[in-house]
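Thanks for making time this morning.

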Amino acid sequence: MRETLQQGHWFRALPLILQNSLLKLARVRELAAGEYLFQRGDAPCGLYAVLDGAMRVGAVATDGKEALLTLIEAPHWFGEISLFDRQPRTHDAQAQGPPRLLWVPQAPLLKLLDQQPRHWRDIALLMSHKLRVVFVALEQQSLLAAAPRVAHRLLQIAAGYGELLDSRRVLQLSQEQLALMLSLSRQTTNQILKSLQQEGVVRLGYGEIEILDPVRLQALASPAGTATD
């Protein structure tokens with residue numbers, strides 16, 4: 001578990017004493033595909049890290065329309081908001097495939113932080129990093145056309161939203177999921193991806209997208225990108 005978690009910037013940068021404390025408190029949880037870890041309005045239950053597989057974070061409206069915020073993959077941690085304010089969960093977390101999670105329960109983790117309050121800053125850094133990602137996404141939503149947004153989001157996912165030490169080339173992500181994340185129609189997203197594939201920038205597979213030319217994709221992620229809009 002430590003080897004997997006060390007692939008992420010946040011856990012790797014933690015003081016060794018906090019790393020050891022989190023692992024000592026933690027338990028492994030396995031979910032079936034489609035199973036909910038928690039849903040919007042549920043009581044806070046602690047901090048989680050993905051060891052294998054992925055978790056869908058989003059919400060479903062009463063009319064059945066889904067808002068997919070992100071797919072959380074290894075070695076990402078999540079659930080820290082309710083650790084701070086102790087309020088109910090803000091979104092649903094559902095298993096994408098059968099994931100394996102590391103769970104640090106709420107009560108013993110709060111006890112640890114009460115005993116060692118200096119570690120609150122370390123937990124706050126986890127949340128502040130995600131806030132930066134959200135602010136960038138909101139800016140792109142307002143300022144960028146569809147094609148640069150698609151290109152930029154692919155680069156973000158490849159880099160684990162800045163959390164991974166090394167970027168990936170193959171993303172376990174369907175075109176439909178990407179469309180939901182960007183609040184674009186599936187048709188628009190498919191057109192942009194097919195254009196990127198024709199240009200040799202990406203390769204589209206079943207449930208995955210491979211980045212073939214990250215330099216070109218980075219150029220297309222700018223406001224002046226030339227991919228199909």
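Predicted model: local features only at pLDDT ≥ 70, side-chain atom pairs only at ≥ 80, totals over all residues.

Residues are numbered from 1 along each chain as its sequence is written, and side-chain values use heavy atoms, with hydrogens and water left out.

The structure holds 7 aromatic pairs, where rings of Phe, Tyr and Trp (its six-membered ring) pair if their centres lie within 6.5 Å, and planes under 30 degrees apart count as stacked, over 60 as edge-to-face and the rest as tilted. One of them joins Trp-10 and Trp-77, whose ring centres are 5.4 Å apart with planes at 70°, so this pair is edge-to-face. Both Trp-10 and Trp-77 are buried, where buried means under 20% relative accessible area, exposed over 50% and partly exposed in between, with a 1.4 Å probe and protein chains only.

Tyr-48 and Trp-103, by contrast, have ring centres 6.2 Å apart and planes at 10°, so that pair is stacked. Tyr-48 counts as buried at 0% relative accessibility, and Trp-103 does too, at 16%. Together with Phe-38 and Phe-78, these two residues form one aromatic cluster.

Two arginines also belong in this picture: the charged end of Arg-29 sits over the ring of Trp-103, 5.3 Å from its centre, and Arg-89 lies over the face of Phe-38, at 4.2 Å from the ring centre. For such a contact, NZ of Lys or CZ of Arg must be within 6 Å of the ring centre and within 35 degrees of the ring normal.
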